[in-house]
Amino acid sequence: MKPITKILVATGTVAGAVAGLHFLNKELHKDICMIAHRGHSGKHPGNTEAAFLSAVENGSGGIETDVRITKDGVFVVNHNDEATFFDGTELVVADSTYEELTKKPLKNTKSDETVYLCTFERYLEICRDANMICFIELKGEFSDEDINRLFTLAGEVYDLSKCSLQSFEFENLVKTHEAFPELQIMLTYGKNCGDYHKCIEYGFDIDAEYKIATPKMVKEFHDKGLKVGLWTANDVLALNYCRALGVDYIESDYFGS
C-alpha cells in the first residue's frame with residue numbers, strides 16, 4: 001500500500017484525508033496562485049466591476065471571467081446567455097446591443113450595490129492595474145475574426161503573457177494557439193469530458209473540476225512542464241485538497257489568497 005493510501009485508510013474521513021494530503025504537500029502551497037472565479041463572486045454579483053475590484057482588494061492573484069459578444073460587436077462579461085436585470089427582465093446578450101444591455105442595473109441578490117454589465121475591456125484594465133492573471137473563458141459563438149479581435153484587444157490593453165484562454169471546445173484552443181502562440185492555452189475539463197491526454201500531446205495546460213482531479217493527473221502535466229488549475233473550491237476542505245495536490249492555480253468564489 002502506498003503511503004498516501006495508508007493515510008486515507010487510517011483516517012477514515014474526508015477531513016482526515018485532506019489533513020493527510022495537506023501534510024504531505026505543505027511545501028507546495030506557497031507557489032499556488034488563487035484565481036477569483038468570476039471575481040469575488042461569493043460576495044458580489046459575478047462578472048461585475050464590483051466583483052473584480054473586490055478580488056483585487058482581497059489579494060487574489062488572478063481573475064476568471066466569461067466573455068460574450070453583443071449584437072453590435074462589443075465584448076462583455078456574463079456567464080449566462082441572458083443578462084438578468086434588477087426588475088426581473090432579461091435580454092439575450094447576443095441578440096441585444098450594448099446600449100440596450102446597459103440601460104438598467106443587473107439583478108443583485110448579494111449586496112446593496114448598483115451594478116451594470118461590465119465590458120471585457122474594463123475587466124482587462126482592472127487586471128492590468130493590479131498586475132493580475134486573466135483567465136478568459138469564451139461563451140457563445142466566436143468566429144476566427146472575433147477571437148483575433150478579442151486577444152488583439154487584450155494585448156493592447158494589458159499583456160498577452162498575463163492572459164489565459166480556457167475552453168471546453170478543443171478546436172477553439174487549437175485555432176487560438178495558432179493565431180496567438182504566446183497565449184497560455186488551457187483545456188476546461190469536467191466530469192464526462194473524455195480523455196485529457198490529447199491536451200498533453202498539444203502542450204496545453206488544463207483547468208479541471210477539482211472533484212475529478214487526481215495526483216496522477218497533476219503529475220502527468222507537471223512531468224511535461226505543463227500547468228494545472230482546479231475549479232471551483234469554495235470551502236476549507238476543498239481548498240486544502242486542491243493545495244495538497246500541488247497545482248498551479250485554484251479558482252474560488254470566496255477566497256482571495
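This report covers one threonine, the cysteines and a pair of helices in a predicted model.

## Threonine 65

T65 sits in strand 2, which spans residues 62-69. Its relative accessibility is 0%, so T65 counts as buried. The cut-off for buried is under 20% relative accessible area.

The side chain of T65 has a polar partner. That partner is the side chain of N47, at 2.7 Å in a polar contact.

## Cysteines

How many disulfides does the structure hold? The count is zero.

C33 has a relative accessible area of 16%, so C33 is buried. C193 has 34% relative accessibility and therefore counts as partly exposed. Partly exposed runs between the buried limit of 20% and the exposed limit of 50%.

## Helix 5 against helix 6

Helix 5 covers residues 120-129, and helix 6 covers residues 144-157. Their axes come within 10 Å. They cross at roughly 35 degrees. The crossing of helix 5 with helix 6 is right-handed.

Which residues make the contact? Helix 5 supplies F120, E121, L124, E125 and R128. Helix 6 supplies L150, L153, A154 and V157. By class, six residues in this contact are nonpolar and three are charged. No polar residues take part in the contact of helix 5 with helix 6.

How values were computed:
Residues numbered from 1 in each chain as written. Predicted model: local features only at pLDDT ≥ 70, side-chain atom pairs only at ≥ 80, totals over all residues. Heavy atoms only, no water. Helix = DSSP H or I, 4+ residues; strand = E, 2+ residues; numbered from the N terminus. Buried < 20%, exposed > 50% of the residue type's maximum accessible area, 1.4 Å probe, protein only. Polar contact = N/O pair within 3.5 Å; in protein donor to acceptor, adjacent residues only side chain to side chain. Disulfide = S-S within 2.5 Å. Axes fitted to C-alpha atoms, helices over the stretch in contact; angles between N-to-C directions. Left-handed = near helix turned anticlockwise from the far one by under 90°. Contact = heavy atoms within 4.5 Å. Nonpolar A, V, L, I, M, F, W, Y, C, P; charged D, E, K, R; others polar.
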